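Visitor: I would like to go through this structure with you. Could we begin with the overall picture and then turn to details?

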Amino acid sequence: GENIEFTPGNATVNGGLIESINRSTGTTRPDLNLFTSNASNGSIKFYTNGVNERMRVAGGGNVGIGTTSPNAKLNVNSSGSLAAGSVVFRVEGTSGSLFAVDDSLSGSLFSVNDISGLPILEVFSDNRVVGGTFNSNTFVITGSSVGIGTSSPTAKLHISGSVEIDGLTTNATGTFLTIDAS
C-alpha cells in the first residue's frame with residue numbers, strides 16, 4: 001500500500017486530505033508543513049522507489065531536481081538520467097510546447113515557440129540566435145554579425161531584400177544616412 005510517514009508529530013489522512021494537528025491548540029488545518037530540525041543544514045527530500053532521491057529543498061532554500069547539492073534557487077540536473085538530446089526543461093501550454101531547453105549541447109539548445117509549437121526564437125550551439133517566423137531567417141545573429149533575411153550574414157549587418165527607412169531627418173549638412181565602406 002501507499003505510505004505517509006510523519007515523525008515526530010501527528011498527522012491524519014481524512015478522506016484523501018492530509019490534516020496537520022497543531023499540538024498546542026489541538027486544532028486541525030488542511031496544510032502540509034514540512035520542517036527540518038536544522039535550518040542551515042537540514043533538507044526536505046523526495047524519493048521514488050524508497051531509494052532514488054528525485055528532488056530536494058536544501059536548508060538554504062535552494063531547490064534541486066536531479067541533484068543532491070542545488071547551487072541556485074532552482075537547479076535542474078539531468079546528468080545520467082536522460083538520453084542524450086532529451087529536453088531538460090519544458091513549459092507546456094494548452095496548445096503545445098511554449099519553451100524548451102535541450103540537453104544535447106549541439107543543434108538547438110533553447111527555443112521559445114508559437115502556438116503551433118514552431119520556434120520563433122531559438123539559440124543554437126554554433127553561436128547562432130534565430131528569431132521570427134520559423135525557417136525564414138527573419139533575424140539571425142551569428143558571432144558579432146546580424147542578418148535580416150539571410151541565415152549567413154557576411155558583414156556586421158547583412159540585409160537580404162528591400163530596405164525601407166521612414167522618419168529620418170536631415171542634419172545641418174543635409175545628410176541623413178551615411179554609408180562607410182571601410
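This is a predicted model: local features need pLDDT of at least 70, side-chain atom pairs count only at pLDDT 80 or more; totals for chains, interfaces and linings use all residues.

Visitor: What percentage of the residues count as buried?

Guide: Of the 182 residues of the chain, 13% count as buried. The chain exposes about 13,000 Å², and carbon and sulfur atoms supply 53% of that area.

Visitor: And the contacts: what share of them join residues at least 24 apart in sequence?

Guide: That share is 1%, taken among contacts between residues at least 6 apart in sequence.

Visitor: On to the sheets. In what order do the eight strands of the open sheet run?

Guide: The order is β8-β9-β10-β11-β12-β13-β14-β15, with mixed pairing. Its edge strands are β8 (87-93) and β15 (157-159), each of which pairs on one side only. On average, neighbouring strands of this sheet are turned by 15 degrees against each other, direction ignored.

Visitor: Which strands form the open sheet of four?

Guide: That sheet has the order β4-β5-β6-β7, and its pairing is mixed. At the edges are β4 (44-48) and β7 (74-76), each pairing on one side only.

Visitor: How do β6 and β7 run, parallel or antiparallel?

Guide: Strand β6 (residues 63-65) and β7 run parallel and are joined by three bridges. Within this pair, G64 stands opposite N75 in β7.

Visitor: How many bridges join β10 to β11?

Guide: Five bridges join them, and the strands run antiparallel. V112 stands opposite L121 in β11. β10 and β11 also form a hairpin with five residues between them, where G117 in the turn has a positive phi of about 90 degrees.

Visitor: Then what about β11 and β12?

Guide: Strand β11 (residues 119-124) is joined to strand β12 (residues 128-131) by three bridges, and the pair runs antiparallel. The bridge partner of E122 in β12 is V130.

Visitor: Let us look at single residues. Where does N113 lie?

Guide: N113 lies in strand β10 (residues 108-113).

Visitor: Is N113 buried or exposed, and why?

Guide: N113 counts as buried because its relative accessibility is 9%, and the cut-off for buried is under 20%.

Visitor: Which residues does N113 touch?

Guide: Leaving aside residues up to four places away in sequence, N113 touches S97, L98, F99, L118, P119 and I120. There is also a polar contact between the side chains of N113 and S111, at 3.2 Å.

Visitor: One last residue. Where is S162 found?

Guide: S162 is in the segment after β15.

Visitor: Does S162 count as buried or exposed, and why?

Guide: S162 counts as exposed because its relative accessibility is 79%, and exposed means over 50%.

Visitor: How far apart are S162 and G149 in space?

Guide: They are 9.7 Å apart, C-alpha to C-alpha, with a separation of 13 residues in sequence.

Definitions and conventions:
Residues are numbered from 1 along each chain as its sequence is written. Side-chain values use heavy atoms; hydrogens and water are left out. Helices (H or I, at least four residues) and strands (E, at least two) are DSSP runs, numbered from the N terminus. Buried means under 20% relative accessible area, exposed over 50%, partly exposed in between (1.4 Å probe, protein chains only). A polar contact is a pair of N or O atoms within 3.5 Å; within protein, one must be able to donate a hydrogen and the other to accept it, and residues adjacent in sequence count only if both atoms are side-chain atoms. Contact means heavy atoms within 4.5 Å. Two strands pair if DSSP finds at least two bridges between them. Axes are lines fitted to C-alpha atoms, for helices over the stretch in contact, and angles run from 0 to 180 degrees between N-to-C directions. Accessible areas come from the Shrake-Rupley method with a 1.4 Å probe; for residues, only the protein chains shown count as cover.
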